[in-house]
Amino acid sequence: MKLVLIGAPGAGKGTQARKLLQKYDLAYIATGDILREEVAQNTDLGRQVQEIMHTGGLVSDQLIIQIVGHRIQKEDCKHGFILDGFPRTVVQAQELEKLAGALDAAIYLQVSDAVLLQRLCGRQTCSHCGATYHQTALPPQVNGICDECGHPLMQRKDDTVEAGSVRLATFHSQSAPLEAYYAEKGHLITVDGLQDADTVFHDIEQGIERLIAN
Ligand code: AP5
């Protein structure tokens, strides 16, 4: 099965991807994680993209398509994948089809901007396994420590009001057209991302089952 998760920053793509991976045996590709790892390793690519990422812009289509094109050819993607954060533009969506063929579903998580900013600014991310928490909505059992692996939690550099606002504006101008793009292809599952995470997941499962049955 080939799935993509689309939605604004903080819509819950990473949260839902983790739930999907518990149910479906699929490769997981999160372009933001790949880029953050390059920044952390201080590679040429990392140095090239870090300023854009920290200020809330998008890295170029050409660069990200090259990265995904390389990753998607790996053995673990042969039986399907979940893409989180890609595509983010219609150009990326068109290139994805050339790389991987038609998708099974594009899951669009809909959340209002005011809630998104609250989520981003309160998010805490595990420095080791990438699990996400929220200071008030989803706190870890022990303050500052990941429930899943015991490593310290950190705040992402782009999880500020300033960068978050730019990221939301970038989403509306560049990524929002993906909703119509996938609706036209009949692959779109739109889910109310304001609900609690388990209910969101339940709706996603039902949406996938409906698409598969058709
Ligand atoms: P990326 O890492 O993909 O960031 P993003 O799209 O901005 O998404 P986030 O990871 O911030 O949010 P999410 O939707 O995964 O939400 P989460 O589940 O964590 O990209 C970072 C940067 O890399 C981009 O800005 C760009 O520069 C670059 N980049 C990446 N891909 C690119 C591409 N294809 N092209 C060009 N550039 C690219 O949840 C957020 C918070 O909300 C958490 O605290 C969570 O606990 C909480 N939460 C989640 N669900 C719920 C719920 N249902 N109710 C209450 N709280 C919830």
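A residue is called buried when its relative accessible area is under 20%, exposed when it is over 50%, and partly exposed in between (1.4 Å probe, protein chains only). Helices (H or I, at least four residues) and strands (E, at least two) are DSSP runs, numbered from the N terminus. This is a predicted model, in which local features need pLDDT of at least 70 and side-chain atom pairs count only at pLDDT 80 or more, while totals for chains, interfaces and linings use all residues. Residues are numbered from 1 along each chain as its sequence is written, and side-chain values use heavy atoms, with hydrogens and water left out.

**View 1. The whole chain.** Let's begin with the overall picture: the chain has nine helices and eight strands. Its C-alpha trace spans about 45 × 40 × 35 Å along the principal axes. Of the 214 residues, 44% count as buried.

View 2. Helix α3 covers residues 44-55, and its buried residues are L45, G46, V49 and M53. These four lie on the same side of α3 because they cover an arc of only 90° around the axis (the arc is that of the directions from the helix axis to the C-beta atoms). On the face turned away from the buried side you will find the exposed residues D44, Q48 and E51. Just after α3, G56 takes a positive phi of about 100°.

**View 3. The neighbours of α3.** The buried residues of α3 pack against α2 (31-40) and α4 (61-72), where contact means heavy atoms within 4.5 Å. With α2, the packing angle is about 115° and the axes are 8 Å apart. Axes here are lines fitted to C-alpha atoms, for helices over the stretch in contact, and angles run from 0 to 180 degrees between N-to-C directions. From α2, the contact is made by G32, L35, R36, E38 and V39, and from α3 by L45, G46, V49, Q50 and M53. These residues divide into five nonpolar, three polar and two charged. Ala, Val, Leu, Ile, Met, Phe, Trp, Tyr, Cys and Pro count as nonpolar, Asp, Glu, Lys and Arg as charged, and the others, Gly among them, as polar.

**View 4. T125 in strand β5.** Now look at T125, which sits in strand β5 (residues 123-126). T125 is buried, with a relative accessible area of 12%. Leaving aside residues up to four places away in sequence, T125 touches G130, A131, T132, P152, L153, M154 and R156.
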